[in-house]
Structures are given as structure tokens and as C-alpha cells.
Amino acid sequence: MSWLEEPLVGFDTETTGVDVYEDRIVTASLVWVTPSGVADSRQWLINPGIPIPAAATEVHGITTEMAQAEGTEPRIALEEITAALAETLSRGTPIVAFNASYDLTLLEVENARHGIATLESRLAGDIWPILDPLVMDKHVDRFRRGKRWLTTVAEHYGVGLIDAHDAQADALAAAQLVPKILAAYPDLSVMSPLELHDAQIRWRADQQTSLIEYFKRVGNERAAASVSTSWPLDHVV
């Protein structure tokens, strides 16, 4: 039986901004997806402890007041999220996250900030198997024009995405993208989740190295220095 007949677990966060080292998680979702549909899901609304900027609220719809009134304290939510991810990965079930290094790095920074055992420490340093449709898509269709947002990649592969920037909807779409990409590119479909994970480390490094070279060509050394080639955690040297 193919591993694609077993559950995939989509993971997504919505945040106060795009800086993984300074911003905070506002919502998070895990969605268990099988070929027949959604088997289970969990959602978290978190009080991030800082004001949610208006620009972030425009994206995901969560205001500071909503988070303060209805959100769980970060330490509680982060423990639950990280424990669920660790349990899932320890069973060998793939976690699917679009632009995984963003969500996972932000989670680990948040864990360290609040004194929560990190995902990396719970798994003895091996955060795998992670499947990232963004890394896969860039590898198999490197020169396709246009943005590589989740909305555009989902549309390209025929995955319906309603309520984009809702963590649950985005996590579901990410999980649904994996079998679509593998069906379109059979060379990937014969790989196991662990083989795909290892391949994505190489693919991401190549993609980010190309970005660094571009920034250097246009004279933007600061941007070049900010690009990490690591995956699935984003370690900038």
C-alpha cells in the first residue's frame, strides 16, 4: 500500500508579521487528511502577548482584542502544538507545510521564548518527515512564471482553497497539494517520505543559493546575507 493512502497532516500558522525571530503565532492548525477527506483537525487561537498590527489583521482577520478575549496563553498553546507535531512525526506520519521553514522556525523561536521544549529537542534533532509543496513545486517547475504563493500554487494544481490565510484552510490545501504534485511528476511519487525529505534539503539549498546569487548580482548584499539555505529550520549564519 502506498504511503499516500495513509494520513498526511497539514500544518499552518497565522502570525503578527513575517519576521520569524520577532513575530508571534496568532493561530495554528493541524489537519489530518486522507484520500477520502478530512479525518480530524485541531485549531488554536493564541493571545500573542503583543499588539497585532493592522496589516496582519487585514491578512488573517484576528484583532488584538479578539486574541486577548478569546486566545489561549502562548505557553499552553505552544506546548499542545509542539507535542502534537512531535507525536505525529515520531510515528512516521508526514507533516505537510507550505514554506515549512517559516512555520517551523517561528514555532521553535516561540518555544525558546516561552521556555517550552522545542520540537527539535523532542525529536532528538531529527524533524522529519516534512513535506513542503513550495520546495517541491519550485524543483519540478523551476521556470514557471508568476508568484509561488499558496493560493497560486493551489490554483495551478487544481486544489480548491477557500478562506486563504485561515490556518485550517491553508493547512488543508497544503496537504492536498502533495498528492497532486506527485501525480503530476511520477519520479517523485516513487520516493518515500524520508527520501523526499532528504531531497528537499538539497532542493531548498539549491533554490536559496540561486536567490543569494541573484541578490549579489543586483548589488543587494544585505538581502543576500539574510537568506538561509537550511531546511526545514531556517538557520541564518
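**Strands first**

I checked the pairing and found β1 and β2 running antiparallel, with eight bridges joining them. This is a predicted model, so I keep that in mind throughout. For one pair I looked up Phe11, whose bridge partner in β2 is Leu30.

On to the next pairing: β2 and β3 (residues 37–45) are also joined by eight bridges and run antiparallel. Here Ser29 has Gln43 in β3 as its bridge partner. The link from β2 to β3 is a hairpin through two residues.

Is β2 enclosed or open? Nine of the 10 residues in β2 (residues 25–34) are buried, so the rest of the structure largely encloses this strand.

**Then α10**

I looked at α10 (residues 193–217) next: 25 residues, spanning 36 Å from first C-alpha to last, close to the 36 Å expected. Its buried residues include Trp203, Arg204, Ile212 and Phe215. Among the elements covering the buried residues of α10 are α4 (100–114), α6 (133–140) and α8 (167–184). Just after α10, I noted Gly219 with a positive phi of about 80°.

The largest pocket comes out at a volume of about 1700 Å³. It has 49 lining residues, and the closest to its centre are Asn99, Leu134, Lys138, Arg148 and Trp149. Which element gives the most to the lining of the largest pocket? That is α10, with nine residues. Elements giving two or more residues also include β1 (8–15), α1 (54–60) and α7 (150–156). By class, I get 21 nonpolar, 16 polar and 12 charged residues in the lining of the largest pocket.

Notes:
Residues numbered from 1 in each chain as written. Predicted model: local features only at pLDDT ≥ 70, side-chain atom pairs only at ≥ 80, totals over all residues. Heavy atoms only, no water. Helix = DSSP H or I, 4+ residues; strand = E, 2+ residues; numbered from the N terminus. Expected span 1.5 Å × (residues − 1). Buried < 20%, exposed > 50% of the residue type's maximum accessible area, 1.4 Å probe, protein only. Contact = heavy atoms within 4.5 Å. 1 Å grid on protein atoms, 1.4 Å probe; cavity = no way out; pocket = protein on both sides within 12 Å on 5 of 7 lines; lining within 4 Å. Points joined across faces, edges and corners; volume = space filled by probe spheres on them. Nonpolar A, V, L, I, M, F, W, Y, C, P; charged D, E, K, R; others polar. Pairing = 2+ DSSP bridges.
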